[in-house]
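Here is a short briefing on one protein chain. Keep the structure open while reading.

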Amino acid sequence: MTCHLRMKEEEESVHWIKEPQPVSVSGVSRFRRWMVPALTVTVILVLIITLGATNVKTSNRLWSVEKRVSNLSNVIESLSASLQNAQETAKEVQLLHSTVEDQLTSDVKTSNRLWSVEKRVSNLSNVIESLSASLQNAQETAKEVQLLHSTVEDQLTSVSEALKQLSVIDSLSRSLTSIKCSLEQIINNSSHVEGCCPLGWDFFQTSCYLFSKTSMTWHAARDWCNGHESHLVILTTDEEWDFVTSQSRGAFYWIGLTDEREGHWEWVNQTPYVMNRRRWRPGQPDSWTGHNLGPGDEDCAHLHSDGHLNDIHCSSRLRYICQRHSQHS
């Protein structure tokens with residue numbers, strides 16, 4: 001553009017040179033003649049300077065913009081890299097979160113197991129304390145057992161001595177029975193008597209009868225009679241009924257009659273009992289279950305104070321009648 005202006009100035013200069021000079025020109029004309037080009041040149045220079053300054057500013061602004069664009073590109077690249085790093089970091093955080101959740105779950109399970117173990121340890125401690133106390137009690141009990149064992153040995157020795165004494169007493173009882181029989185022979189002036197009973201037993205026909213003064217359950221009375229060479233009384237004849245009821249009036253006595261074994265009445269030697277209602281009290285036997293004396297109904301028979309039979313629970317405690325064969329001298 002500057003070259004163009006210069007060429008234009010040269011052409012104008014040539015134009016001015018080629019024009020013919022007037023013959024007479026005034027000073028004002030000359031001033032005017034040089035003033036126009038000078039102003040033109042000045043304007044052109046101003047324009048050039050202005051355009052140059054404008055171009056410089058534009059160039060500076062363009063450079064600034066380019067620099068800002070470059071910076072923005074760098075920022076964008078940095079942000080892109082940061083975004084990629086952030087995405088990777090997010091994945092790592094997510095993985096870490098999952099790991100933490102698994103760890104928390106594992107910690108909860110571990111905590112529960114630890115609590116369970118602590119509880120078991122506490123229970124074991126209580127058990128150990130209990131066992132320790134039991135062991136101490138067992139040691140004390142062992143001492144007591146040892147002392148009791150010594151006492152039992154002493155008691156067994158005493159029982160052995162007592163059994164020896166009972167054997168002697170039984171022998172003496174037999175001797176007294178024999179003496180009693182001999183005395184009865186002398187008193188009766190006879191060489192033979194029909195029968196002879198132990199002391200305290202009553203003789204009738206061919207049997208001896210013991211009417212007890214103490215009370216027992218039916219089973220205990222049965223066992224006592226069996227242990228003394230006898231049995232609970234068995235009544236098969238009217239004569240025996242009359243003798244026994246005459247001796248037992250005024251009290252209750254067990255006899256050897258029960259329906260406990262088979263559900264029907266029989267004697268202790270398991271011979272059947274023939275039912276005879278006149279021997280029983282009215283309405284008996286009734287197998288009553290409201291006795292509150294344990295399981296079972298009234299399975300054992302006894303003689304009432306009026307001499308008639310009645311059924312009652314076998315655990316009741318009554319007197320009893322034993323029966324045995326008499327001895328012959």
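Arg-222 has a relative accessible area of 28%, so it counts as partly exposed. Its salt-bridge partner is Asp-223, with the closest N and O atoms 3.3 Å apart. This is a predicted model, and the structure holds 7 salt bridges.

**Salt bridges**

- Asp-223 is partly exposed, because its relative accessibility is 43%.
- Asp-238 pairs with Arg-279; their closest N and O atoms lie 2.7 Å apart.
- That pair links distant parts of the chain, 41 residues apart. Asp-238 sits in helix 4, and Arg-279 sits in the loop between strand 5 (266-267) and strand 6.
- Arg-279 has a relative accessible area of 12%, so it is buried.
- Arg-261 and Glu-262 also meet through their side chains, at 3.2 Å from N to O.
- Arg-261 is partly exposed, with a relative accessible area of 45%. Glu-262 is partly exposed too, at 47% relative accessibility.
- Asp-238, Arg-278 and Arg-279 form one network, joined by salt bridges that share partners.

**Disulfides**

- How many disulfides does a search of the whole structure find? The search finds 3.
- Cys-197 bonds to Cys-208, with the sulfur atoms 1.8 Å apart. The torsion about this S-S bond is about -90 degrees, so the disulfide is left-handed.
- Cys-197 lies in the loop between helix 2 (27-187) and strand 1 (202-204), while Cys-208 lies in strand 2. The two are 11 residues apart, and the pair links distant parts of the chain. Both Cys-197 and Cys-208 are buried.
- Cys-225 is joined to Cys-322, with an S to S distance of 1.9 Å. The torsion about the S-S bond is about -75 degrees, so this link is left-handed.
- Cys-225 and Cys-322 are both buried.
- Cys-300 and Cys-314 make a disulfide with sulfur atoms 1.9 Å apart. The link is right-handed, with 95 degrees about the S-S bond.
- Cys-300 is in strand 6, and Cys-314 is in the loop between strand 7 (309-312) and strand 8. They are 14 residues apart and link distant parts of the chain.
- Cys-300 is buried at 0% relative accessibility. Cys-314 is buried at 5% relative accessibility.

**Nonpolar cores**

- In soluble globular proteins, nonpolar side chains tend to be buried together.
- The largest nonpolar core has 21 residues. Tyr-209, Val-244, Leu-257, Trp-267, Leu-309 and Ile-321 have the most contacts inside this core.
- Which elements give two or more residues to this core? They are strand 2 (207-211), helix 4 (238-248), strand 4 (253-258) and strand 6 (300-303).
- A second, separate core has 16 residues. Its members include Cys-208, Met-216, Ala-221 and Trp-254.
- Trp-267 touches Val-233, Ile-234, Leu-235, Trp-241, Ile-255, Gly-256, Leu-257, Pro-272 and Tyr-273, leaving aside residues up to four places away in sequence.

**Helix 4**

- The buried residues of helix 4 are Glu-240, Trp-241, Phe-243, Val-244, Thr-245 and Ser-248.

**His-304**

- His-304 is in the loop between strand 6 and strand 7.
- Is His-304 buried or exposed? His-304 counts as buried, because its relative accessibility is 14% and the cut-off for buried is under 20%.
- Leaving aside residues up to four places away in sequence, His-304 touches Ala-251, Phe-252 and Arg-281.

**Confidence**

- The protein chain averages a pLDDT of 79, and 75% of the residues score at least 70.
- Residues 14-20 have a pLDDT below 50. In the model, this stretch has 2 contacts beyond near neighbours in sequence.

Key: Residues are numbered from 1 along each chain as its sequence is written. This is a predicted model: local features need pLDDT of at least 70, side-chain atom pairs count only at pLDDT 80 or more; totals for chains, interfaces and linings use all residues. Side-chain values use heavy atoms; hydrogens and water are left out. A nonpolar core is a set of buried Ala, Val, Leu, Ile, Met, Phe, Trp, Tyr and Cys residues joined through side-chain atoms within 4.5 Å. Buried means under 20% relative accessible area, exposed over 50%, partly exposed in between (1.4 Å probe, protein chains only). Helices (H or I, at least four residues) and strands (E, at least two) are DSSP runs, numbered from the N terminus. Contact means heavy atoms within 4.5 Å. pLDDT is the predictor's confidence in each residue, from 0 to 100. A disulfide is a pair of cysteine sulfur atoms within 2.5 Å. A salt bridge is a side-chain nitrogen of Lys or Arg within 4 Å of a carboxyl oxygen of Asp or Glu.
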